[in-house]
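Thanks for making time for this one. Please have the sequence and the structure open while I talk.

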Amino acid sequence: MTPFTPTSDLCDAHPEAQVFAPLFQNFGGQAKFSGPAFTLRVYENNTPVRATLETPGESRVLVVDGGGSLNCALVGDQLAGLGVENGWAGIIVHGCVRDTAQLCTMPIGIRALAAHPRRSGKADVGERDVVLTFAGVTVRPGDMIHADEDGICVLSQS
């Protein structure tokens with residue numbers, strides 16, 4: 001296993017690195033995680049999130065642009081459990097999560113804006129493998145995501 005490089009060291013070595021605005025809270029059991037981005041755009045429904053986490057993660061980071069909605073949770077303990085089972089390194093949600101007491105015990109990185117007890121809708125509507133822009137950064141599929149206690153940075157692969 002490759003040793004983890006702190007985000008502060010990555011930003012020093014790569015001034016071009018993008019850094020997410022410090023809006024995200026740590027909800028997972030792994031504060032440090034990294035991997036290539038897999039992107040999804042959804043709004044107040046998580047069926048595409050479930051479908052993605054049911055596939056082999058291959059140590060990737062699922063980056064979900066939920067439009068910043070604070071009305072419902074897009075990830076809870078069941079979906080995070082799928083992420084663990086299928087080898088996802090982490091999940092970043094531009095939106096909310098729930099089941100936070102369980103999430104913090106799971107061996108996966110999870111960042112989100114906030115916690116919310118309401119589950120999302122179940123419409124199978126969303127876009128995958130798209131360029132996402134939120135929280136001051138643009139994430140393209142395959143960009144390297146690095147997260148630790150200091151924040152989340154993105155190194156472009158293009």
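This is a predicted model: local features need pLDDT of at least 70, side-chain atom pairs count only at pLDDT 80 or more; totals for chains, interfaces and linings use all residues.

Let me start with the overall fold. The chain contains four helices and 12 strands. Its radius of gyration is 14 Å, close to the 15 Å that the globule rule gives for 158 residues, so the chain is as compact as a globular protein of that length. Along the principal axes, the C-alpha trace spans about 40 × 30 × 25 Å. Of the 158 residues, 49% are buried.

On contacts: if we take those between residues at least 6 apart in sequence, 73% join residues at least 24 apart.

Next, the aromatic rings. A pair of rings is described by the distance of the centres and the angle of the planes. The structure has four aromatic pairs. In one of them, the rings of phenylalanine 20 and phenylalanine 24 have centres 5.5 Å apart and planes at 75°; the cut-off for edge-to-face is over 60 degrees, so this pair is edge-to-face. Phenylalanine 20 and phenylalanine 24 are both buried. Ring pairs also bring in Phe134, which forms a cluster with Phe20 and Phe24.

Now to the single residues. Is histidine 146 buried or exposed? Its relative accessible area is 12%, and buried means under 20%, so histidine 146 is buried. Histidine 146 sits in strand β11, residues 144-148. Leaving out residues up to four places away in sequence, histidine 146 touches Thr7, Leu10, Phe33 and Ser34, and also Gly151, Ile152, Cys153 and Leu155.

The other residue is proline 107. Proline 107 is found in the loop between α4 (100-103) and β7 (109-115). With a relative accessible area of 52%, where exposed means over 50%, proline 107 counts as exposed. Which residues does proline 107 touch, not counting those up to four places away in sequence? They are Gln30 and Val84. Proline 107 and glutamine 30 are 77 residues apart in sequence, while their C-alpha atoms are 5.6 Å apart in space.

That is what I have; I am happy to take questions.

Note on methods. Residues are numbered from 1 along each chain as its sequence is written. Side-chain values use heavy atoms; hydrogens and water are left out. Helices (H or I, at least four residues) and strands (E, at least two) are DSSP runs, numbered from the N terminus. Buried means under 20% relative accessible area, exposed over 50%, partly exposed in between (1.4 Å probe, protein chains only). Contact means heavy atoms within 4.5 Å. Rings of Phe, Tyr and Trp (its six-membered ring) pair if their centres lie within 6.5 Å; planes under 30 degrees apart count as stacked, over 60 as edge-to-face and the rest as tilted. The radius of gyration is taken over C-alpha atoms; the globule rule is 2.2 Å times the number of residues to the power 0.38.
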